[in-house]
Amino acid sequence: MKNAAKEILDKLTLEEKIGMIHGAELFRTAGVKRLGIPPLVMSDGPMGVRNEFEPDNWKALGHTDDYVTYLPCNSALAATWNRKLAYDTGSVLGEEARGRGKDVILAPGINIKRSPLCGRNFEYFSEDPTLTKELAVPYIQGVQQWDVAACVKHFAVNNQETERLWVEVEIDEEALREIYLPAFYDALVKAGSYTVMGAYNLLYGEHCCESDFLLRKILREEWQYDGVVISDWGAVHDTEKAANSQLDIEMSVTYDFNNYCMAEPLRKKIEAGEIDEEKVDEKVLRILRLMMRLHMLDGKRKGGAYNTPEHREKALNVARESVVLLKNEKQMLPLKREGLKKILLVGENADCIHSNGGGSAEIKALYEISPFMGLKTALGGNVTVDYVPGYCREEKTEDSDKNWQERSLENGGGSMEAADSLVEGAGQALEEKRKILREQAVKQASDKSYDKVIFIGGLNHDHDLEGNDRKDMSLPYEQDKIILDLFSAREDLIVVMIAGSPVDMTAWADMAHTLVWSYYAGMEGGRALAEVLLGDVNPSGKLPETFYKNHRDCSAHVLGEFPGGKKVAYREGRYVGYRYNEKFHVEPLFPFGYGLSYTEFSYRNLSVDDKECAVSCYVKNTGDVAGSETVEVYGLSHKDDMPVKELKGFEKVFLMPGEEKYVKVHVGHVEEGYTYVAGSSLYDIRLK
Ligand code: BGC
């Protein structure tokens, strides 16, 4: 492959080579027609293949052929703790990307969730490196089987949106390697992701896309990575640094393609003898090799497809396993169909579409089943399902006719204010409107002819949004008020939260005996939620992140900084997420790994096998409905400078009532000084 690529390289002029290493359109490089080298065509991810834009303008083309399968977001996928579903998700994305004629799909996002406030957390998997990498690997394998390149992003320590273009991360190297790099290592080396996207931010004084430390020392030398490094859109700032770095392709959000750092400015510098042409050759060789890996040059490429019934089925399966049952104290769930005549749904998220928001993760979904639609379709004509909004969001002013992505290089690339563009003077009017909606909803909920009242609220992509971090975890739109009012009217209220990251539920959490969590769960999300509420599906989701009572309990905020200023200090080091809570005895609202089922499980006979590097035990379904259990294995350390507990491995098993299975969990290597425990969450360890 190397020689074949070299042969092609030798035929290319400098101009042609330059054309291959920078964006010639917003989502493609230039090909070389005379030699039959096609352009490299890219698209966002990760929740589906994004719609088409004009080549040199962030105007959507408005075609009718770019509707796609809308997949559950990566946080939802992570809540399934299911490698097979990660593979299926990747496979759908890869096949659809190919079906839409793409070469590189800009997914998955695998940054660690350092704070619950990061606006892009919904695109990421977890606060834990093991869970992230264990799911990222099959995901990437699923994508790439379709002759499409995955592009894992954003390398590295891109854990906030505020000032994302210019913020410099200060972190000690040990924590960097222990928490923030392992998922990238596995994604690039074990799964062999063909491409990786460099992040916007700086690390150790260098922009990630020009970083000698990240790209040369770690990626190429230590990891021996020979894939293609693509810049985030607008993340390159200096021609010389970028050319001399291990970056291969510069992409951006602006339309002056010839003026990109690695375009005309680079050609001029090479011709002036200031930069060695060999630097460009290395990049082009890697790009040609990528094209060969994807069979772009030999006519043997797979074709792909999109919007197939199989894809929708897979999206539904992921959604089903992503729902997390947080509380079921009165066994009110599952709802019994028998005798059920009338249900009231309150809250905008019962009837809200999420696929078209969030930033670059937005897509044009073929359809999206809301919870309202999901329940109605599941319950049929004998049950009345009513809906009232109960609250409303702010109307947003559009202060520019530019697309947000066109403006995304302004103001440091992100802030904590982006989502707060309220209509001027709308404060009081809005409060008034919400009061009316609240009173209406509470009045209706008090009507005893409703057998059940379900509040379905949470967040939407005005809050879970690229270029924006939340200020705190509070529920927007005065939802706390309406939930409390509803509880006064109906003690038996069921609460469902739909969001991309945890919210502050402390105002009413004690009152809520029945609480269900769903991340943005894709086109079939509403159906999956209905199936869980009705008991057609037994919930098996577990939280892939800590649900803090308040963001101030999170180590990034207590010990470190978030979002910082020009610099952001990761003083919490390795104590990210539950690693901090466990060590310093901070009790969250719901811990990492937590999630209930409609059945019960028991564990016995834990044993550790040093040779096989595995921990095993027997797990039994002791209840009377079938269900899946994730066996989470944690390593306990007693060393002063180490986290008390760390996830070492996990395995999900399906068990019929009364069934028992032997479960073996691979833990990488059995470390000395560690004790191993298996169970279903940190606070619910079943076996030591
Ligand atoms: C985002 C990337 C995305 C790219 C292209 C950037 O603003 O950070 O994740 O892939 O835009 O849309």
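Close-up 1. A polar side-chain atom of Tyr200 sits 3.0 Å from an oxygen atom of the ligand. The protein covers 100% of the 310 Å² of accessible area that the ligand has on its own. The model shown here is predicted. Arg120 also takes part: an N or O atom in its side chain is 2.8 Å from a ligand oxygen atom. For Glu466, an N or O atom of the side chain lies 2.8 Å from an oxygen atom of the ligand.

**Close-up 2. The residues around the ligand.** There are 15 residues around the ligand. Which of them come nearest? They are Asp44, Arg120, His154, Asp232 and Gln405. Gln405 returns in the next view, where its backbone nitrogen is reached by the side chain of Asn403.

**Close-up 3. Asn403 in its loop.** Asn403 is placed in the loop between strand 15 (384-388) and helix 14 (426-446). Is Asn403 buried or exposed? Its relative accessibility is 18%, so Asn403 counts as buried; the cut-off for buried is under 20%. The Asn403 side chain reaches the backbone nitrogen of Gln405 at 2.5 Å. Set aside the neighbours within four places in sequence, and Asn403 is in contact with Phe53 and Trp58.

**Close-up 4. Helix 16, largely enclosed.** Helix 16 covers residues 525-533. Of its 9 residues, 8 are buried, so the helix is largely enclosed by the rest of the structure. Which residues are buried? They are Gly525, Gly526, Ala528, Leu529, Ala530, Glu531, Val532 and Leu533. What covers these buried residues? The cover includes two helices, helix 12 (309-322) and helix 13 (371-379). It also includes strand 16 (452-458), strand 17 (494-498) and strand 18 (514-518). Just after helix 16 comes Gly535, with a positive phi of about 80°.

Close-up 5. Phe584 belongs to helix 18 (residues 578-584). How much relative accessible area does Phe584 have? The value is 41%, so Phe584 is partly exposed. Partly exposed lies between the cut-offs for buried, under 20%, and exposed, over 50%.

How values were computed. Residues are numbered from 1 along each chain as its sequence is written. This is a predicted model: local features need pLDDT of at least 70, side-chain atom pairs count only at pLDDT 80 or more; totals for chains, interfaces and linings use all residues. Side-chain values use heavy atoms; hydrogens and water are left out. Helices (H or I, at least four residues) and strands (E, at least two) are DSSP runs, numbered from the N terminus. Buried means under 20% relative accessible area, exposed over 50%, partly exposed in between (1.4 Å probe, protein chains only). A polar contact is a pair of N or O atoms within 3.5 Å; within protein, one must be able to donate a hydrogen and the other to accept it, and residues adjacent in sequence count only if both atoms are side-chain atoms. Contact means heavy atoms within 4.5 Å. A residue is near a molecule or strand if one of its heavy atoms lies within 4 Å of it. Accessible areas come from the Shrake-Rupley method with a 1.4 Å probe; for residues, only the protein chains shown count as cover.
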